[in-house]
Amino acid sequence: MRVLGLDIGSRSVDAVWLEEGRIVDSAVADSGFDPAAAARVFVERGNHDVLIATGYGRHTARESFACDVVTEIKAYAAGASVLFPGAASVLDIGGQDTKVITLGATGKVTDFEMNDKCAAGTGKFLEVMARALGFTLEEMAAEAIAASRTVAITSMCTVFAESEVTGLVHRGESRSAIARGLHESIAKRTVSSLKRVGAVGPLVFAGGVAKNPAMVALIRREFPGDVLVPGESETDSQIVGAFGAALCGLPVK
Amino acid sequence: MSEDSAVVDYHPMWEELGIDLPTHDALLSAVGQMYGDAFLTQENRPAGMSYLDFVMSEVHGLRVKELHDFRATGGKIVGTFCLYVPEEIVRAAGAWCVGLCAGAEFGYDEVERIMPRNTCALIKSFMGFELTNVCPYIKESDLIVGETTCDGKKKAYELLGEMQNVYVMELPQMKRPQDIAFYRAELDDFRAKVEELTGKALTAETLKASIKEVNDKRRALQRIAATRAASPAPISGKDALLATQVAFYDDVPRYTQMMNALADELEERVADGAGVAPAAAKRVLITGTPMALPNWKLHDIIEKSGGIVVGEEMCTGSRYYDTLVPEDGETVEEMFDALAAKYMDINCACFTPNQGRMDDIVRMAREYNADGVIDYALNFCATYQAEAFSVEKALQQAGIPIMKIDTDYSAEDIGQLSTRVEAFLEMI
Ligand code: SF4
Ligand code: SF4
């Protein structure tokens with residue numbers, strides 16, 4: 001039995017094909033203007049028996065492909081707890097939202113919190129800041145790691161932080177110190193929301209932003225517990241949602 | 001109400017009331033659309049809901065006409081916003097009572113010129129309805145009764161008082177014997193105010209009759225509520241919420257009769273094991289700020305996500321109908337004591353302390369076999385938002401899953417709320 005799990009997000013559509021519970025293939029595409037069309041490409045490969053969708057576009061998928069759906073919360077919890085048995089909590093920072101999930105003994109969701117009202121601290125936020133600093137995302141992360149100094153960034157709203165960053169650049173502040181400050185403020189804010197839901201380690205850090213080495217390092221520094229990142233093992237952090245969805249699509253044994 | 005009246009054109013009546021006709025037409029068509037989408041798409045609804053469908057289709061029509069005709073013969077209408085303003089007293093003095101709480105985002109730009117933006121949606125909504133001249137119930141009210149519950153409402157009544165005939169009842173904030181005595185004295189003043197309005201005296205006889213009448217309305221709602229403990233639930237949460245919302249402005253005896261008929265049907269459904277949702281649907285109890293017409297947002301999200309709402313611990317729910325006024329009083333004095341005791345037994349977050357509400361929520365979650373509780377608070381409602389933390393604690397101690405939601409009437413956050421609600425339903 002082959003299960004196709006789709007994570008239809010605002011920035012990307014991720015696909016994972018499972019065979020006997022193991023990943024046999026995976027793919028990532030840009031959501032573009034029409035995430036359903038991006039998803040359709042994967043569906044039309046036709047090499048699956050069961051299709052299941054998660055993510056922001058899951059309801060569109062249900063309409064287009066008549067498939068089952070699960071929320072990102074359940075999908076991430078399932079994916080993370082299979083990748084890292086014993087994980088106690090999950091942090092997912094995606095393109096436009098942040099989720100924090102606590103897990104029970106069997107990987108069941110016990111609590112969750114979502115920041116989904118604004119882009120503060122998400123992948124989108126980092127993209128906007130990188131542009132304001134004239135860096136690529138990779139450069140900005142590298143600069144943040146290498147920086148010898150930091151500057152405090154007070155705004156978390158994407159719009160205000162962008163003008164704050166521009167102001168700092170104009171005042172002659174070093175771009176790498178600003179990059180460092182930006183990453184630090186996101187990490188602090190994220191860890192405080194982890195504490196709010198009572199998340200303890202081992203924490204699985206997943207989602208697109210978990211590919212950013214500066215964020216990983218700072219979350220490790222701020223979080224009082226083990227931080228596990230999927231990309232550092234074998235599975236790409238970005239496909240944890242699609243993987244988890246596919247696991248939820250497996251027939252219950 | 002007869003069905004053929006649906007074709008009547010009410011525009012002349014609305015015009016006479018000073019309603020802004022084009023804006024009002026737009027509002028009615030928006031509400032009609034919301035209603036169709038939220039209610040008429042449901043499957044397997046109880047037949048008794050057709051009465052409420054009809055009432056809603058005539059929400060600014062036939063019912064307003066009844067108020068209009070009543071006033072034409074010298075009758076008086078009293079508009080209220082809060083449970084602590086007893087309908088029994090209004091009716092015993094010969095007037096009719098209508099609830100004026102509003103549940104739609106309307107006229108906010110006008111409101112924000114005279115009130116802070118960070119005012120709760122409920123207040124903004126009724127002020128918006130007033131400022132844009134779209135609410136026939138406000139227009140038909142000869143007296144509007146406010147109460148000193150939360151700070152936002154207190155200040156809103158000052159502004160409303162510049163435009164309408166407003167009387168404000170003072171409410172205590174605690175429930176000690178001296179507070180109950182204080183409220184009891186306020187009831188005397190309120191009685192005098194209504195008697196002055198109608199020119200009729202409240203007597204032991206009229207009060208006894210009105211206590212019985214309003215209790216009967218509550219009893220019908222209690223019967224409906226009781227059937228919701230069954231699995232599968234015989235009525236959707238949305239339909240049950242609508243029934244309570246309509247209780248605040250419909251004709252009392254007719255409404256009671258129709259709700260008893262609905263309850264008969266629901267009891268039969270329960271006996272037959274028939275339901276509106278699969279027995280496996282996750283059962284949710286809602287607690288929090290009142291949901292005034294036409295606010296069906298959270299129920300709609302939950303039920304469209306596959307859950308079922310089995311109870312509302314709110315003023316448009318159990319706080320309204322769970323307790324009755326003792327009917328054994330003979331003198332006006334005895335009955336006023338009974339009214340004071342009953343009303344001061346409502347557990348609103350404007351009071352401190354409010355442990356009774358925590359106990360009610362835990363008890364109801366168990367009685368209605370809820371799998372989880374959603375605490376619903378309007379943004380900027382300090383009392384309920386703060387109390388949500390105590391609610392969370394009480395439920396955690398009882399081992400009942402709880403999720404807190406802060407929202408308003410806008411459609412903006414429906415996508416995000418749906419994800420949170422779905423994840424909560426998966427979790428419980
Ligand atoms: S929540 Fe409190 S203030 Fe509001 S209507 Fe209910 S009893 Fe009155
Ligand atoms: S919801 Fe809260 S803030 Fe709004 S009127 Fe009621 S008690 Fe006041």
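The legends below go with close-up views of a predicted model. Local features here need pLDDT of at least 70, side-chain atom pairs count only at pLDDT 80 or more, and totals for chains, interfaces and linings use all residues. Residues are numbered from 1 along each chain as its sequence is written, chains are lettered from A in the order in which they are written, and side-chain values use heavy atoms, with hydrogens and water left out.

**View 1. Where chain B meets chain A.** Here 12 residues of chain B touch 15 residues of chain A (contact means heavy atoms within 4.5 Å). Together the two chains bury about 1100 Å², 55% of it on carbon and sulfur atoms (buried area is the accessible area, 1.4 Å probe, that two parts lose on being put together, summed over both). T419(B), E426(B) and M427(B) supply 48% of what chain B buries against chain A, more than any other three residues.

**View 2. The salt bridge between the chains.** The interface has 1 salt bridge (a side-chain nitrogen of Lys or Arg within 4 Å of a carboxyl oxygen of Asp or Glu). That's R58(A) with E422(B), whose closest N and O atoms are 3.0 Å apart. R58(A) is buried at 1% relative accessibility, and E422(B) is buried too, at 10% (buried is under 20% relative accessible area, exposed over 50%, partly exposed in between, with a 1.4 Å probe and protein chains only).

**View 3. Helix α19 of chain B.** α19(B) gives 9 residues to the side of chain B that touches chain A, the largest share (helices are DSSP runs of H or I, at least four residues, numbered from the N terminus).

**View 4. Salt bridges inside chain B.** R91(B) and E213(B) pair up at 2.9 Å, N to O. R91(B) sits in helix α5 and E213(B) in helix α11, so the pair ties together parts 122 residues apart in sequence. R91(B) is buried at 17%, while E213(B) is partly exposed at 26%. Then there's D408(B) with K297(B), the closest N and O atoms being 3.8 Å apart. D408(B) lies in the loop between β8 and α19, and K297(B) in helix α14, so this pair links parts 111 residues apart in sequence.

**View 5. A salt-bridge network in chain B.** E313(B), R319(B), R357(B), D375(B) and E387(B) are linked in a network of salt bridges.

Key
Helix = DSSP H or I, 4+ residues; strand = E, 2+ residues; numbered from the N terminus.
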